[in-house]
Amino acid sequence: MAAAAVATSLTFVPAPAQADATPDWLHTDGARIVDENGKEAWLTGTNWFGFNATERVFHGLWTANIRTLTKGMADRGINVVRVPISTQLLLEWKAGTVVTAPNVNTYANPELAGMNNLQIFDYWLSLCDEYGLKVVLDVHSAEADNAGHFAPMWFKGSITTQDVYAGWEWVTARYKDDDTIIGADLKNEPHGTAGATPRAKWDASSDVDNFRAFAQEAARRILAINPHLLILVEGIEVYPKPGVSWSSTNGAEYDGTWWGGNLRGARDLPIDLGVHQDQLVYSPHDYGPLVSAQPWFTGDWNRTTLERDVWDPNWLYLHKAGTAPLLIGEWGGILDGGPNQRWMTALRDLIVERRISHTFWVLNPNSGDTGGLLLDDWVTWDAAKYALLKPALWQEGGKFVSLDHQVPLGGAGSTTGTTIAAVGTGTPTTTPTATPTVTPTPTATPTVTPTPTPTVPVGACSVRYTASSWSSGFTAAVRITNTGTTTRSGWTLGFTFPSGQTLTQGWSATWSQTGSAVQATHLAWNGTLAPGASIEVGFTGTFSGQNSAPTAFTLDGSTCTTS
């Protein structure tokens with residue numbers, strides 16, 4: 001039975017600030033999320049829903065203990081929890097309206113006896129602080145409704161866009177001094193197909209259905225109160241193909257993908273946060289064939305085709321170009337031993353290789369089309385699903401890393417966790433030759449040549465190399481541009497590691513290493529390189545000492561300029 005919200009005479013005051021000596025606020029640097037010292041922060045977490053639903057409190061507390069669930073996440077490497085809420089809930093709390101007797105088993109949760117749903121939320125934040133967990137709030141729906149996310153827009157019924165702004169302003173002000181909450185996901189999965197009314201669009205207008213305009217205004221209001229919050233902006237569902245306007249009702253004239261997953265519009269119309277641009281994180285969602293039999297799951301599909309046909313054009317390009325970081329807000333599903341598991345493994349590998357932040361969907365076992373990390377008893381963890389997820393949880397030196405500078409993940413005395421402060425040197429980890437933001441322009445002017453005054457042949461090349469390091473590992477991206485006048489049909493890139501680095505895994509090419517010499521050979525889908533065209537490939541590696549960048553590159557034996 002859904003619990004009713006009941007007005008009370010409680011006086012609501014701002015939540016108490018946490019007492020940490022070092023603030024844990026985060027911002028961005030190119031495609032990375034970093035702490036206030038410039039150290040890379042990898043957000044690797046899960047979702048826990050219920051506050052967005054009719055119950056207006058975490059699901060599962062009818063069975064399991066809130067402390068056990070929270071510590072269980074931290075002990076297993078979850079360092080951030082995305083918490084779905086609703087605008088209706090925020091407006092109720094703002095007005096002093098709470099659920100006085102929420103759906104909580106007080107035999108299993110004696111510490112919650114007598115608490116209303118807001119007090120339970122605040123108590124849970126204190127547990128997160130105790131165990132080194134961080135929180136991202138996600139306005140999942142306008143109304144407090146278990147099916148509220150099916151509505152396509154941020155407004156619905158009596159909930160207006162101005163109400164959404166008011167809800168975000170209230171919750172931001174209440175927790176502005178508490179760095180347990182580090183991010184705001186402005187609206188879950190805005191969507192709608194061509195011709196649907198209403199449907200979310202992404203353009204330069206101030207129209208009521210323009211998600212980009214809504215996101216920019218919501219972010220402006222939030223950051224005016226707390227300029228330290230990460231602002232997570234999801235995508236939409238469809239985007240017009242070149243030359244097509246939003247007035248078209250022909251679905252064939254749009255590129256479509258998952259709800260919240262289409263960020264094609266950010267290429268030409270990026271989110272503009274002004275002086276707070278370094279708080280922007282794009283947050284797509286992606287799912288497998290058991291959620292919906294999408295066209296890209298037909299035929300002989302694999303990770304290469306998914307990256308080429310789905311991830312790259314919709315959102316991965318933002319990471320590869322260094323435009324802004326990504327946090328995949330929802331991904332996950334049922335382990336079927338077949339196509340769904342193949343998709344999940346492919347996306348997991350991409351996340352690990354590129355150290356993309358993410359929050360797995362979901363902790364709850366009562367997610368009908370995905371299942372959860374917990375089994376139906378809300379106590380037992382799904383061992384196989386956790387084993388698939390575990391490589392994508394931030395680990396250094398055999399320990400899980402918290403985003404907190406004082407509290408190890410798992411709490412004081414944890415044997416499985418450490419802190420972000422204990423990882424690395426605390427200085428920016430970009431290699432000396434990398435620029436903070438990688439420009440996607442394929443015709444960037446070459447700078448120094450690796451050998452004295454080379455003769456550049458027809459079909460020449462330019463290479464841009466960037467890398468991000470952590471502890472003893474690193475991820476590198478290599479952008480190859482054909483600066484010649486003829487098309488290359490097939491290519492092999494060569495370079496030498498200068499500091500004893502070791503290649504561990506690569507993508508978008510066939511990689512090999514002999515001694516310090518590295519080669520990358522094209523795949524079937526990216527072997528043709530027309531004049532002026534570019535391709536980006538990448539790899540992960542390990543190093544000891546200094547992670548110096550290669551100084552010379554060849555393509556099919558011809559020396560390339562570097563940029």
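Me: Which helix and which strand each supply at least two residues of the lining of the second largest cavity?
Reply: This is a predicted model, in which local features need pLDDT of at least 70 and side-chain atom pairs count only at pLDDT 80 or more, while totals for chains, interfaces and linings use all residues. Residues are numbered from 1 along each chain as its sequence is written, and side-chain values use heavy atoms, without hydrogens and water. Helices (H or I, at least four residues) and strands (E, at least two) are DSSP runs numbered from the N terminus. The two elements are α4 (161–174) and β8 (181–185).

Me: How many cavities of 30 Å³ or more are there?
Reply: A cavity is a set of points on a 1 Å grid over the protein atoms alone where a 1.4 Å probe fits but cannot get out, and lining residues have an atom within 4 Å of a point. The second largest cavity holds about 60 Å³ of space. The count of cavities of 30 Å³ or more is three.

Me: How do the lining residues of the second largest cavity divide into nonpolar, polar and charged?
Reply: The lining includes L137, W168, V171, Y175 and I181, together with K176 and D178. Among the other lining residues are T172, G183 and N226. Ala, Val, Leu, Ile, Met, Phe, Trp, Tyr, Cys and Pro count as nonpolar, Asp, Glu, Lys and Arg as charged, and the others, Gly among them, as polar. The division is seven nonpolar, three polar and two charged.

Me: Is L69 buried or exposed?
Reply: L69 is found in helix α1 (residues 66–75), and it touches W48, L61, A64, L374 and W378 (heavy atoms within 4.5 Å), residues up to four places away in sequence not being counted. Its relative accessible area is 7%. Because buried means under 20% relative accessible area and exposed over 50% (1.4 Å probe, protein chains only), L69 is buried.

Me: How far apart in space are L69 and V379, C-alpha to C-alpha?
Reply: In sequence, L69 and V379 are 310 residues apart. In the protein, residues 24 or more positions apart account for 74% of the contacts with a separation of 6 or more. From C-alpha to C-alpha, L69 and V379 are separated by 7.7 Å.

Me: What is the relative accessibility of T28?
Reply: T28 is found in strand β2 (residues 26–29). Its contacts beyond four places in sequence include I33, L230, Q277, D278 and P325. T28 counts as buried, its relative accessibility being 11%.

Key. 1 Å grid on protein atoms, 1.4 Å probe; cavity = no way out; pocket = protein on both sides within 12 Å on 5 of 7 lines; lining within 4 Å. Points joined across faces, edges and corners; volume = space filled by probe spheres on them.
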